[in-house]
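Open the model in your viewer and keep the selection panel at hand. The stops below say what to select next and what is there.

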Amino acid sequence: MNFVLVLVLTFLVCVKSEFAVTQDIIDDINSSGAKWIAGHNQFSKMTIEEAKMLMGVKTSSGIQDEHDSKKLDNTRLSASLPSSFDWRENSTCKSLHHISKSGQCAAGWAVGAVEAFSDRVCIHSKGAITAQFSAQQLLDCDHLCHMMIECDEGCKGGVPITAWNYLAETGTPVEQCYPYTSGEGEAGRCKQYCADGSEKKLYKAKTAYFVEPTTEEMKYDILNYGPIQADFMVFRDFTAYTSGVYEQHSHDQLGKAAVKILGWGVEKDVEYWLCANSWGTSWGESGFFKIRIGECGINDHPVAGIPFVY
């Protein structure tokens with residue numbers, strides 16, 4: 001009896017400690033005819049449980065359907081939305097090329113919001129403000145709750161729309177003032193001054209809103225106002241992504257992640273969103289990735305905001 005128990009416990013420990021990316025997963029994807037390529041990366045040395053801890057987007061059924069945030073009046077869609085668009089090729093804003101590395105912190109809810117906000121500040125100021133803004137400010141200081149259901153909790157996760165509400169209500173300083181320090185998986189106490197002791201200047205959004213969850217409305221918002229933020233369900237195979245247009249093959253859910261969408265296009269007859277992740281430049285296409293439009297719920301809850309231009 002004790003021997004059987006030891007075998008069962010050993011099996012459970014082995015399953016729990018299995019790496020998120022394995023050679024079997026890579027071989028399975030690359031021999032399946034998939035329109036994307038899998039390969040080894042940092043998740044090859046990260047267990048499934050460790051990978052799950054990096055997701056952190058909090059949502060629940062119905063939470064996005066009723067909200068207090070303002071929407072833009074996009075009643076007239078452009079009749080000539082281009083078949084492809086990439087903000088990196090249509091602006092000189094350096095923030096559009098920036099890729100964060102969140103480390104062991106489930107920071108995507110904050111990083112995705114702040115990176116899209118940084119882009120929009122630059123775009124709306126016509127390049128006059130080119131700073132990268134601080135996600136650490138949100139991780140340390142944003143404890144807003146959405147509909148009294150889910151709250152922002154630093155490295156334990158948060159809700160993308162409340163990140164934008166925080167940007168509208170409080171704002172965030174530049175990255176140089178409040179640098180990222182949560183790479184080891186812990187948020188800190190909210191700091192009242194910059195790292196060098198100077199006063200914090202907070203940049204704010206005028207509005208925070210849900211983008212209508214249709215492909216046309218999302219494209220219109222991106223084209224006219226700048227990158228947006230979206231979340232989607234991450235399956236285990238996604239961690240092995242290296243290039244191409246991702247489509248789900250695995251059935252193992254790791255949790256929801258939030259990313260920035262900065263364009264769209266068509267590759268091998270598949271329409272995709274062009275996204276920036278926060279897993280560093282050694283993952284994906286130098287930190288970016290393409291995902292089939294609508295895949296894994298990425299169209300379900302897009303959010304954004306309009307910045308004040310100072």
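## The whole chain

Begin with everything shown as cartoon. This is a predicted model. The protein chain has 7 helices and 11 strands. It runs to 310 residues, and buried residues make up 53% of them.

The accessible surface comes to about 14500 Å². Carbon and sulfur atoms hold 52% of that area.

## Stop 1: helix 4

Select residues 108-124. This is helix 4, with 17 residues. From first C-alpha to last, helix 4 reaches 23 Å, close to the 24 Å expected at 1.5 Å a residue.

How many residues of helix 4 are buried? The count is 16 of the 17, so helix 4 is largely enclosed by the rest of the structure.

Keep the helix on screen and pick Asp119, which is found in helix 4. Is Asp119 buried or exposed? Its relative accessibility is 0%, so Asp119 counts as buried. Show the side chains around it. Beyond its neighbours within four places in sequence, Asp119 is in contact with Ser95, Leu96, Pro227 and Lys260.

## Stop 2

Move along to Lys126, which follows helix 4. Lys126 lies in the loop between helix 4 and helix 5 (136-141). Check its backbone: phi is positive, about 55°, although Lys126 is not a glycine. At 78% relative accessibility, Lys126 counts as exposed.

Next, jump to Cys296. Cys296 also has a positive phi of about 55°, and it is not a glycine. Look for Cys296 in the loop between strand 10 (288-292) and strand 11 (303-307). Cys296 is buried, with a relative accessible area of 15%.

## Stop 3: Ala20

Select Ala20, in the loop between helix 1 (2-16) and helix 2 (23-30). Ala20 has 1% relative accessibility and counts as buried.

Which residues touch Ala20, leaving aside its neighbours within four places in sequence? They are Ile25, Phe43, Met46, Thr47, Ile48, Ala51, Arg236 and Thr239.

Now draw a distance from Ala20 to Leu254, C-alpha to C-alpha. The two are 234 residues apart in sequence and 9.6 Å apart in space.

## Stop 4: the largest pocket

Select Met46, Glu50, Leu54, Gly103 and Gln104. Of the 20 residues that line the largest pocket, these lie nearest its centre. Met46 is also one of the contacts of Ala20. The volume of the largest pocket is about 420 Å³.

Colour the lining by class. The largest pocket has 7 nonpolar, 8 polar and 5 charged residues in its lining.

## Stop 5: the two cavities

How many cavities of 30 Å³ or more does the structure hold? There are 2.

Take the largest cavity, with a volume of about 50 Å³. Select its lining: Leu54, Met55, Ser102, Cys105, Ala107, Gly108, Ala257, Ala258, Asn277, Ser278 and Trp279. By class, that lining divides into 7 nonpolar, 4 polar and no charged residues.

Now go to the second largest cavity, which holds about 30 Å³ of space. Gly108, Val111, Gly112, Glu115, Ala258, Val259, Ala276, Asn277 and Ser278 line it. The elements that give two or more residues to this lining are helix 4 and strand 8 (253-267). Helix 4 gives the largest share, 4 residues.

Colour this lining by class too. The residues divide into 4 nonpolar, 4 polar and 1 charged.

Keep both linings selected to finish. Bring back helix 4 as cartoon: with 16 of its 17 residues buried, it is largely enclosed by the rest of the structure.

Terms used:
Residues are numbered from 1 along each chain as its sequence is written. This is a predicted model: local features need pLDDT of at least 70, side-chain atom pairs count only at pLDDT 80 or more; totals for chains, interfaces and linings use all residues. Side-chain values use heavy atoms; hydrogens and water are left out. Buried means under 20% relative accessible area, exposed over 50%, partly exposed in between (1.4 Å probe, protein chains only). Accessible areas come from the Shrake-Rupley method with a 1.4 Å probe; for residues, only the protein chains shown count as cover. The expected span of a helix is 1.5 Å times one less than its number of residues. On a 1 Å grid over the protein atoms alone, a cavity is a set of points where a 1.4 Å probe fits but cannot get out, and a pocket is an open set with protein on both sides within 12 Å along at least five of seven lines; lining residues have an atom within 4 Å of a point. Grid points are joined across faces, edges and corners, and a volume is the space filled by probe spheres set on the points. Ala, Val, Leu, Ile, Met, Phe, Trp, Tyr, Cys and Pro count as nonpolar, Asp, Glu, Lys and Arg as charged, and the others, Gly among them, as polar. Contact means heavy atoms within 4.5 Å.
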